[in-house]
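I opened my notebook for this one and jotted things down as I looked them up. Here is the structure, and my entries follow.

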Amino acid sequence: MFDPYNNAYIVILRGEDQAEVLPIWVGKAEASAISLSLEGVSAPRPMTHDMMKSLLDLYDAKVISVVITDLADNTYYAKIHLLYQDSEFSIDSRPSDAIAIALRTEAPIFAQEAVLKKQTNEELEQWLENLKPEDFGKLDS
Amino acid sequence: MSTPTPQSQELIELKVHGVVRDENTDTQIVVLRDEQRSEVLPIWVGLAEGNAIRLAQEGIVTPRPMTHDLIRSLVTHLGIQVRQVVITDVKNTTYFATVYLSSKGVDRTLDARPSDAIALALRMQCPIYVTQDVLNRRGGANADVWLEKLIPKKTDTQEV
């Protein structure tokens with residue numbers, strides 16, 4: 001979804017039961033990496049996150065999950081949890097990269113409860129309330 | 001000795017000379033040059049890809065890991081060495097690249113867009129090569145003329 005006020009894109013994450021909503025502001029390139037995958041579009045050439053998936057497949061490394069771990073000063077932090085040769089490790093990532101990878105590897109996306117609590121600030125709620133259906137562009141389809 | 005290396009596969013090492021914004025389109029141009037500066041290879045890339053290359057070239061560390069920094073930490077965690085990247089082919093104006101990886105004595109290759117390959121090479125400090133064949137077939141006369149006019153002025157401002 002495009003945010004005309006900030007000239008940025010927003011990824012909307014929801015809980016399975018639709019009870020929780022977590023919107024994350026991301027850049028244009030990151031948004032297109034996510035929406036390409038959501039829409040099942042494969043680009044004529046491997047995009048950056050497709051290359052990462054090829055790399056993971058090549059070395060038989062599995063993405064167990066991605067977790068949105070923290071929110072500080074309107075910036076979200078995430079970790080990608082991987083399994084490689086029977087050992088687990090995690091690497092720091094921006095949420096946009098983590099989500100783009102999760103969608104390509106069919107790994108689950110989690111948010112820590114504390115993050116969900118933190119993000120319910122008034123400003124945001126108001127912004128969301130003012131949203132009209134027309135604001136949802138092609139990226140949300 | 002069983003793998004023949006045709007003349008056209010001769011590799012030339014290139015360095016990133018600069019990243020230039022193309023004012024006419026929403027793209028950037030990565031200008032690669034060889035050590036002797038006798039060859040120039042311009043490659044058009046997207047805005048995000050151009051930025052990923054510029055950040056690495058200028059040694060800027062961002063507060064949060066950008067996509068190619070993430071790839072670097074992934075590669076490092078998996079114990080993989082990135083040995084070299086090679087620009088292997090050009091069809092019309094589209095370039096193709098291969099990333100050469102090595103882990104525990106086993107060599108593997110990964111297809112990539114040149115922009116990703118270069119952004120990764122700069123972060124892994126591995127050499128960037130182009131085949132002689134690609135250099136021979138690069139761009140058209142028009143692009144050369146266009147670049148000759150553009151480069152001296154634009155790269156100066158970029159590199160200050």
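Before anything else, I noted that two strands pair if DSSP finds at least two bridges between them. Helices (H or I, at least four residues) and strands (E, at least two) are DSSP runs, numbered from the N terminus.

Housekeeping next. I am working with a predicted model, in which local features need pLDDT of at least 70, side-chain atom pairs count only at pLDDT 80 or more, and totals for chains, interfaces and linings use all residues. Residues are numbered from 1 along each chain as its sequence is written, while chains are lettered from A and ligands numbered from 1 in the order in which they are written.

**Entry: the sheet of chain B**

I started with the strand order. Chain B has an open sheet of 7 strands, ordered E3-E2-E1-E7-E4-E5-E6, with mixed pairing. Strand E3 (40–46) and strand E6 (106–112) of chain B are the edges; each has a single partner strand, so one side of each lacks a neighbour in the sheet. Direction ignored, neighbouring strands are turned by 35 degrees against each other on average, where axes are lines fitted to C-alpha atoms, for helices over the stretch in contact, and angles run from 0 to 180 degrees between N-to-C directions.

Then I went through some pairings. Strand E1 (residues 11–22) of chain B is antiparallel to strand E7 (residues 128–131) of chain B, over 4 bridges. Here I found Glu13(B) opposite Tyr129(B) in E7(B). Strand E4 (residues 81–91) of chain B pairs with E7(B) in the parallel sense, over 3 bridges, and Ile87(B) has Val130(B) in E7(B) as its bridge partner. Out at E6(B), I counted 7 bridges to strand E5 (residues 94–103) of chain B, and the two run antiparallel. Leu101(B) stands opposite Arg108(B) in E6(B).

**Entry: Asn136(B)**

Is Asn136(B) buried or exposed? A residue is buried if 20 or more other C-beta atoms lie within 10 Å of its own, exposed if 12 or fewer, and partly exposed in between, with C-beta atoms placed from the backbone. Asn136(B) counts as exposed because it has 9 C-beta neighbours inside 10 Å. I located Asn136(B) in helix H4 (residues 132–137) of chain B.

**Entry: helix H1 of chain A**

Contact here means that the C-beta atoms of two residues, placed from the backbone, lie within 7 Å.

How do H1(A) and H3(A) pack, at what angle and how far apart are their axes? The angle is about 15 degrees and the axes are 9 Å apart. That makes H1(A) roughly parallel to H3(A), as angles under 35 degrees count as roughly parallel, over 145 as roughly antiparallel, 65 to 115 as roughly perpendicular and the rest as oblique. Among the residues making the contact are Ile34(A) of H1(A) and Leu103(A) of H3(A).

**Entry: where the chains meet**

Last, I checked the interface: 18 residues of chain A are in contact with 17 residues of chain B. On the chain A side, helix H2 (48–58) and strand E6 (87–93) each supply at least two residues. H2(A) gives the most, with 6 residues.
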